[in-house]
Amino acid sequence: MRDGPRARVGRCPGGWRRAMGRPAVLLLALCAAGARGLYFHIGETEKRCFIEEIPDETMVIGNYRTQMWDKQKEVFLPSTPGLGMHVEVKDPEGKVVLSRQYGSEGRFTFTSHTPGDHQICLHSNSTRMALFAGGRLRVHLDIQVGEHANNYPEIAAKDKLTELQLRARQLLDQVEQIQKEQDYQRYREERFRLTSESTNQRVLWWSIAQTAILILTGVWQMRHLKSFFEAKKLV
């Protein structure tokens, strides 16, 4: 299986996604209500990975659908039901959070337990695509993080909430998500501070080592030259 390039997912006030294609950069931004949507192309059994920065204890929902390339019509059409997609999610420590086989269209859900960059990979396990789609497959992917992953109409119907109660629930979820984001930013700042201190300490010790080497080299040269001139005088 070939691993495609990893794309990094960043954030903006409404949410945005950056995806890198094989030869060039593919940029499709959707800054609306925290949902990051894009589509990308993959080949037969090719893996495409994305990196999502996720705070601790945050629910993530991903929805995808696939389209196959029609050679005769030269357009992308809905995929056949037999096409399979494998989704794998790894946390910042490289542990597998989710690894599951889905159909040509599906939805995956997971909850982060470690703050940081989570790797989300998708690939097709079908070799029929090479016969019917010329090896080209378009995947539409939409990832929702935090309170944006909640289906509030479904929650309201299930818990029999009024409009005011539902709005209060949304505000509480937003406050909770903001607190998680702030905790994650503090976590990142702490990691950056520790990395900076470690780097500065290494630079300091390296400078001290260089200075010591220069001093020792100068002393050795002075002694060598002194013995050389004394030998010349004796001759």
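How many bridges join β8 to strand β11, and do the two run parallel or antiparallel? There are 6 bridges between β8 and β11 (residues 116-124), and the strands run antiparallel. The views below come from a predicted model.

View 1. Strand β8 spans residues 85-90. This strand is mostly covered, with 5 of its 6 residues buried. Strand β9 (residues 96-102) is joined to β8 by 6 bridges, and these two run antiparallel. With β11, β8 likewise has 6 bridges in an antiparallel arrangement.

**View 2. Glutamate 88 has a partner in β9 and another in β11.** Serine 99 is the bridge partner of glutamate 88 in β9. In β11, cysteine 121 stands opposite glutamate 88.

**View 3. Glycine 94 sits in the hairpin of β8 and β9.** The hairpin has 5 residues between its strands. Glycine 94 takes a positive phi near 85 degrees here.

**View 4. Tyrosine 64 and tyrosine 102 form an aromatic pair.** The structure holds 3 aromatic pairs. In the one shown, the ring centres of tyrosine 64 and tyrosine 102 are 6.4 Å apart. Their planes meet at 80 degrees; angles over 60 count as edge-to-face, so this pair is edge-to-face. The pair links distant parts of the chain: tyrosine 64 belongs to strand β6 (residues 59-70) and tyrosine 102 to strand β9, 38 residues apart. Both tyrosine 64 and tyrosine 102 are buried.

View 5. Glutamate 57 lies in the loop between β5 (47-54) and β6. Is this residue buried, exposed or partly exposed? Its relative accessibility is 40%, so glutamate 57 counts as partly exposed.

**View 6. Residues 203-222 are annotated as a transmembrane region.** The annotation comes from an unreviewed UniProt entry. In the model, the chain over residues 203-222 is 100% helix and 0% strand. The end C-alpha atoms of this stretch are 28 Å apart.

**View 7. Leu204, Trp205 and Ile208 make a nonpolar surface patch.** The patch covers about 340 Å². Tryptophan 205 lies in helix α3, which runs over residues 163-234. With a relative accessibility of 55%, tryptophan 205 counts as exposed, because the cut-off for that class is over 50%.

Terms used:
Residues numbered from 1 in each chain as written. Predicted model: local features only at pLDDT ≥ 70, side-chain atom pairs only at ≥ 80, totals over all residues. Heavy atoms only, no water. UniProt positions renumbered as here; feature names shortened; annotations may be inferred. Helix = DSSP H or I, 4+ residues; strand = E, 2+ residues; numbered from the N terminus. Patch = residues over 30% accessible without salt bridge, like charges linked within 9 Å, V, L, I, M, F, W, Y side chains within 5 Å. Areas by Shrake-Rupley, 256 points an atom, 1.4 Å probe, with all protein chains shown as cover. Salt bridge = Lys/Arg side-chain N within 4 Å of Asp/Glu carboxyl O. Buried < 20%, exposed > 50% of the residue type's maximum accessible area, 1.4 Å probe, protein only. Pairing = 2+ DSSP bridges. Phe/Tyr/Trp six-rings, centres within 6.5 Å; stacked < 30°, edge-to-face > 60°.
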